[in-house]
Amino acid sequence: MVRSFTLPTMTHATSAPVTTQATTASMDIAIGGMTCASCSGRVERALKKVPGVQEAAVNLATETARIVYADSEQMQARLRRAVRDAGYEVRTPAQVDALETISPWAGFGPVAVGALLSAPLALPMVGDLFGQHWMLPAWLQFLLATPVQFILGARFYKAGWHALLSLSGNMDLLVSIGTTAGWALSVWLWLSAPEGVMAHLYFEGSAVVITLVLLGKWLEVRAKRQTTAAIRALHALRPDVAHWLGRDGEVDVPVADVLVGDRIVVKPGERFPVDGILKEGSTEVDESMLTGEPLPVRKDAGDKLTGGSINGEGRVVLQVTAVGVDTVLARIIRLVEDAQAAKAPIQRLVDQVSAVFVPVVLVLALATLLGWWLTGHAFETAVIHAVAVLVIACPCALGLATPAAIMAGTGVAAQHGILIKDAQALELAHKVDVVAFDKTGTLTVGRPRLSALLVPDAMAKDEALRMAASLQSGSEHPLARAVLAEAQKQGLAIAAPQQLKAVPGRGTEGEVDARQFCIGSLRWMDELGVNLGPLAAQSAALQAEGATVSAMAERTEQGLVLRALMGFADEPKPGASVALATLRARGIQVVMITGDNRGAAEAMGHRLGLSLEAGEVMAEVLPGDKAALVAKLKAGSSGKTAGHTVAMVGDGVNDAPALAAADVGLAMGNGTDVAMHAAGITLMRGDLALVAAVLDISDRTVAKIRQNLFWAFAYNVAGIPLAAFGYLNPVVAGAAMAMSSVSVMTNALLLKRWKPMG
């Protein structure tokens, strides 16, 4: 699997307005043959040595590498060559697809053969427990153990040899050295034994260890396939065929041939193949795999349809708005893949340990060998204890501990409508102790309506509404849309504005019918010196009732003159108060940040159950100041930058700086693309209960990472001394080593049972 995309970056010269363009590209490579943390570290180092590589991260659990590099000719070929030179396989997309569709029992053949050949060797060990001596002849032990050692175990020799060539170590090197030592010792004891004497041989140790390691790797691969089930489920949502509506009626065409602007027929029960706008018919759509919302959503003409969702009972016609990588489903898949390929900060500790782990183990094994031998014990005894050290120390579990938990956590979160595109955000979210919310569209429904229109005697209401609607006819602001909707409802003729200019955080000014107007917040009107006159009292009354109030003024020869006051009513989102209470129950401080006037903000805060005395309502905050306010919340009352871990929840373009400034940015999926790009986590539906769910899945995922790392480290810390002091033989060590990887994967897979609370 190889994917690449280009990210252009602009560099501006300081002395002249000349720009140059440097191109950065990113590439994913599927890699085969990695077995432990040392392997992934070796591939990562090999990739970073390629000239032009800026970043390289290798994920053992997904068996992929993500590389960011300065784009140049043949760079992708050089990167693949670096992987091969390090001793690993570069998998093609076809090979990756084949791996995803293979039987759960695929790859079990070598394990079965190893078990059949090793069982007779291990049988005497079982007999010893019951006082029976079933020792096989030495020549038969040799015939059974040798194919296991050199045919089934060839993969360990190959990978171990490549590790040696690169002056590093990995699990395969430890297994190959350890089992070869046991096999060679047995051959030497057999050939050097006096005539008629049956020497004690260790063929069973080397054969059983290889079989157990193969079993452990097979179980590990099965578990890995389960952690990527979420990605495969998302890929399966895309139909292969679309019913294209042409001049001759419906024609079935491959989805890859569909173009933006085409009209597509979707029949009852079928999945929508692409994104589009509903043109004909009405239906209910099941979007649960995309949003986690279990109830079907009503769709009528003009509504957006998302590829991958399931059509209900109606036959509908949609007009295509996005295909291929531009669809919502493709972006979701990309986000989940990015999160699963990313490396969490806690993984740095594992990388540092794995870089020196194998050399340290080799030294400890040599020390064990010399220690037993030089203290008067038989050489074969010393070798067996050294072999046990080599086998039990394999760092398989160490490399899987973090990525396995991240894959499982991000996968199950995606199934419930939470898209985590940043592994760092996932790791940080459990530390969040302050959650800041934008108001409009986040805590409120975001569809305000014009509830009051007040005008001085000099201007009729219809005329004021027409001017206000004309001035804002091109705006996407919720308040502007409310004015426009009311004007259209009354059948007013909307004029095209001229010389339009947006004033960030304040409003809009422009010309309508050769008259110049400013429309925006009361704060802006105050800055401009507009006198509200007799409407000031009514403005205060509207704010006290919770309305958002804005004003329109006209530029005249006498200066700016008030022409209208507009009051807008919005409603809290269903469940918003409960969601805030849930966060408080977790000991988290909640804050609402809004650009609204204080009266309206405090009235809405009261309806949401926010405490004004505790400073939970922050009003009249300009968009450019939201990021600074988030930074202030992070600093806390002590002024220290590490005072609090802050999450910001928003949905609009003006929230993007604050989302980026927060430790964890959460964008509402019904918001703007800019907000979702700035945030590390996207909530695919506007349910505020998902905010607490994000913190919960983060908490559980980080707990799994810590558990896995603890057991991976503890296993080695406890196992190596036990093996060195002779309390573990190679067979037991091999079984323990194989099961450690399986236990780490199984523990991570427990996250798949997670469901959002409530």
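This is a predicted model: local features need pLDDT of at least 70, side-chain atom pairs count only at pLDDT 80 or more; totals for chains, interfaces and linings use all residues.

Reader: Fine. Is E571 buried, exposed or partly exposed?

Author: Partly exposed, because its relative accessibility is 38%.

Reader: Which residue does E571 form a salt bridge with?

Author: R607. The closest N and O atoms are 2.7 Å apart. R607 lies in helix α22, residues 598-608, and E571 sits in the loop between β22 and α21, so the pair ties together parts 36 residues apart in sequence. R607 is partly exposed, with a relative accessible area of 44%.

Reader: How many salt bridges in total?

Author: The count comes to 21. One of them joins the side chains of E554 and R515, at 2.9 Å from N to O. E554 belongs to strand β21 and R515 to strand β20, so this pair ties together parts that are 39 residues apart in sequence.

Reader: How covered are those two, E554 and R515?

Author: E554 is buried, at 7% relative accessible area. R515 counts as partly exposed, at 27%.

Reader: Which residues are linked with them in a network of salt bridges?

Author: The network links E463, R466, D513, R515, E554 and R563.

Reader: And R685, what does it pair with?

Author: D687. The closest N and O atoms there are 3.8 Å apart. R685 counts as buried, at 16% relative accessibility. D687 is partly exposed, with a relative accessible area of 28%.

Reader: Switching to sheets. What is the strand order in the open sheet of six strands?

Author: β17-β22-β21-β20-β19-β18, with antiparallel pairing. The edge strands are β17, residues 449-454, and β18, residues 498-503; each pairs on one side only. The twist averages 20 degrees from one strand to the next.

Reader: How many bridges join β19 to β20?

Author: Six, and the two strands run antiparallel. β19 covers residues 507-512 and β20 covers 515-521. G507 has G520 in β20 as its bridge partner.

Reader: Now β26. How many of its residues are buried?

Author: Five of its five, across residues 664-668. V664, L666 and M668 point one way, while G665 and A667 point the other way.

Reader: Which sense does β26 pair in with β25, parallel or antiparallel?

Author: Parallel, over four bridges. β25 is residues 646-650. M648 has G665 in β26 as its bridge partner.

Reader: How many bridges join β26 to β27?

Author: Three, and those strands also run parallel. β27 covers residues 681-683. A667 stands opposite T682 in β27.

Reader: Last topic, helix α13. What should its 14 residues span?

Author: 20 Å, at 1.5 Å a residue. The end C-alpha atoms of α13, residues 379-392, are 20 Å apart, which agrees.

Reader: And is α13 mostly covered or mostly exposed?

Author: Mostly covered: 11 of its 14 residues are buried. The buried ones are A382, V383, I384, H385, A386, V387, A388, V389, L390, V391 and I392.

Note on methods:
Residues are numbered from 1 along each chain as its sequence is written. Side-chain values use heavy atoms; hydrogens and water are left out. Two strands pair if DSSP finds at least two bridges between them. Axes are lines fitted to C-alpha atoms, for helices over the stretch in contact, and angles run from 0 to 180 degrees between N-to-C directions. A salt bridge is a side-chain nitrogen of Lys or Arg within 4 Å of a carboxyl oxygen of Asp or Glu. Buried means under 20% relative accessible area, exposed over 50%, partly exposed in between (1.4 Å probe, protein chains only). The expected span of a helix is 1.5 Å times one less than its number of residues.
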